[in-house]
Amino acid sequence: MSDCIFCKIINRELPSTIVYEDDQVLAFRDINPAAPIHVLVIPKRHCANILDPATVEAGLPAALFKAVAQVAAKEGLEERGFRTVVNYGRDAGEAVPHLHLHVIGGRALGWPPG
Ligand code: AMP
Ligand code: ZN
């Protein structure tokens, strides 16, 4: 997707601070962090959102969850905990139409979300 900002990050056309990468997944720091640690985990192949059928193809969910675990380990979040969120649509405030899992931690997080 030539006009997708996350595809541009994958293609190194836009800068990012990469935390983890493998053949299917890239993880990088959120530009506007909601907590001391805020990393976005995205598929390298463009998927629009969690309802896009491409999201569940070719082992991608497993790759995404594996990457979340890698990020949690690298960021030292395993002991104290963290939250993984996927926003979809207007009510959730989804802003970027390329599937992304937020990994948020480094402070106590309120629940339920506001
Ligand atoms: P969402 O509201 O779930 O669609 O989240 C989109 C997230 O992408 C927000 O937390 C933004 O701060 C983040 N974001 C947008 N542009 C960039 C960028 N160029 N680099 C890193 N994070 C970004
Ligand atoms: Zn994209």
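**The ligand and its surroundings**

Guide: An oxygen atom of ligand 1 has a backbone N or O atom of Ala95 at 2.6 Å. This is a predicted model, in which local features need pLDDT of at least 70, side-chain atom pairs count only at pLDDT 80 or more, and totals for chains, interfaces and linings use all residues. Residues are numbered from 1 along each chain as its sequence is written, chains are lettered from A and ligands numbered from 1 in the order in which they are written, and side-chain values use heavy atoms, with hydrogens and water left out.

Visitor: Which residues are closest to ligand 1?
Guide: They are Asp30, Asn87, Ala95, His100 and His102, among 16 residues that surround ligand 1; a residue counts as near if one of its heavy atoms lies within 4 Å of the molecule.

Visitor: And how far is a polar side-chain atom of Asn87 from an oxygen atom of ligand 1?
Guide: That distance is 2.9 Å. For His102, an N or O atom of the side chain lies 2.8 Å from an oxygen atom of ligand 1.

Visitor: Now the largest pocket: how many residues line it?
Guide: The lining has 23 residues, and Asp30, Asn32, His38, Leu40 and His102 lie nearest the pocket's centre. On a 1 Å grid over the protein atoms alone, a pocket is an open set of points where a 1.4 Å probe fits, with protein on both sides within 12 Å along at least five of seven lines; lining residues have an atom within 4 Å of a point.

Visitor: Which element gives the most to that lining?
Guide: Helix H1 does, with three residues. Helices (H or I, at least four residues) and strands (E, at least two) are DSSP runs, numbered from the N terminus.

Visitor: Changing topic, where does His98 lie?
Guide: His98 is in the loop between helix H3 (89-92) and E5. The side chains of His98 and His46 make a polar contact of 3.2 Å, that is, a pair of N or O atoms within 3.5 Å; within protein, one must be able to donate a hydrogen and the other to accept it, and residues adjacent in sequence count only if both atoms are side-chain atoms.

Visitor: Is His98 buried or exposed?
Guide: His98 is buried, at 0% relative accessible area; buried means under 20% (1.4 Å probe, protein chains only).

Visitor: Last one: how many disulfides are there?
Guide: The count is zero, a disulfide being a pair of cysteine sulfur atoms within 2.5 Å.

Key: Buried means under 20% relative accessible area, exposed over 50%, partly exposed in between (1.4 Å probe, protein chains only).
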